[in-house]
Amino acid sequence: MGRPAIPAEAFEHGDVRRYRRGCKCRKCLDAVTADVRRGRYLRATGRGYMTAPHRAARHIEHLRAAGMPDRDIMTDALISQSVLYRIVRQEGEIRRATEVRLLAVKPRETDLPGSGSHIPGIGTSRRLRALAADGWPATQLARRCGKHKQFIVYLQNQPDTLVVRRWVADYVTQLYSELEGLKPEQHGVAPHIAKRTRDRAASKAWMGTAYWDDEAFDDPTFNPADALRELNFHERGQLRREEIIHLAWCGHDPEQILDRLNNEVSISTVRQIVLEWRTGQKRDRKQQAAEQSELEAAA
């Protein structure tokens, strides 16, 4: 939904924008006359009213990074939602006056990080990336949370150092809880669009919802790619040891444990680990190996 039209009374007499909204007083007539003459002069000298949008687009990005909501940017710069997103996408030129107003916009005190309304944004970005990896396109996510597609794309592609407004994080967390584990194709997303979204997410190494849990999302030290890495010999041994101890704690004897492990280890290993767990004393492996050698030599 676009923002409501700005009335003429929002501007002072003598402002061209007030004239364009219906005011025909002497000051507004003089202002529009001067504006037309200035336009003719600029066009005659090869300049003109229009300019490239890249400076304004960068400034919008900085305002967003500072936590300023789009609605506040639009209000302060006196632009519509369609103009804002056209600038962000850098689709065509913009008026110089629009650029001047945008560059004059500064973050408000309550928008600045540390004001209490911000939290780390890593979990927000990761949740949106995980949904994309499952096949949910930005347009569908935006529609479901009442935002613009570009707002979702912006959050997905930000670095892990991003900070976001608390209400943004709450929006995304709620959206994730509603869509986690669902197949987009069964909820209004065309199969070819879901596939294209998954392919794009895979090209960026984004992991789907199956590789995450709620705590991992907000943990900057967690990397889901590590969960897919093949374990080395020592890591496999540690996991196997923990599994044996858990089965022993559940009341299984060494023979039952060996059967549960599909004979992947020897019965002597199982008995030794169970003994160490019950006594709380871990035997010296080197000493154990030496004793075994002595027994073999005596035999």
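A salt bridge is defined here as a side-chain nitrogen of Lys or Arg within 4 Å of a carboxyl oxygen of Asp or Glu. By this rule, 10 salt bridges are counted. The model is predicted, so local features need pLDDT of at least 70 and side-chain atom pairs count only at pLDDT 80 or more, while totals for chains, interfaces and linings use all residues. Residues are numbered from 1 along each chain as its sequence is written, and side-chain values use heavy atoms, with hydrogens and water left out.

**Arg 89 and Glu 91**
- A salt bridge joins the side chains of Arg 89 and Glu 91, at 2.8 Å from N to O.
- Arg 89 has a relative accessible area of 34% and is partly exposed, a class lying between buried (under 20% relative accessible area) and exposed (over 50%), computed with a 1.4 Å probe on protein chains only.
- Glu 91 is also partly exposed, at 40%.

**Asp 15 and Arg 17**
- Asp 15 pairs with Arg 17 in a salt bridge whose closest N and O atoms lie 2.8 Å apart.
- Asp 15 counts as buried, with 19% relative accessibility, whereas Arg 17 is partly exposed at 21%.

**Arg 127 and Asp 218**
- In the salt bridge between Arg 127 and Asp 218, the closest N and O atoms are 3.3 Å apart.
- This pair links distant parts of the chain, 91 residues apart: Arg 127 belongs to helix α7 (residues 122-133), and Asp 218 to the loop between α12 (214-217) and α13 (224-228).
- Helices are DSSP runs of H or I with at least four residues, numbered from the N terminus.
- Arg 127 is buried at 7% relative accessibility, while Asp 218 is partly exposed at 42%.

Terms used
Helices (H or I, at least four residues) and strands (E, at least two) are DSSP runs, numbered from the N terminus.
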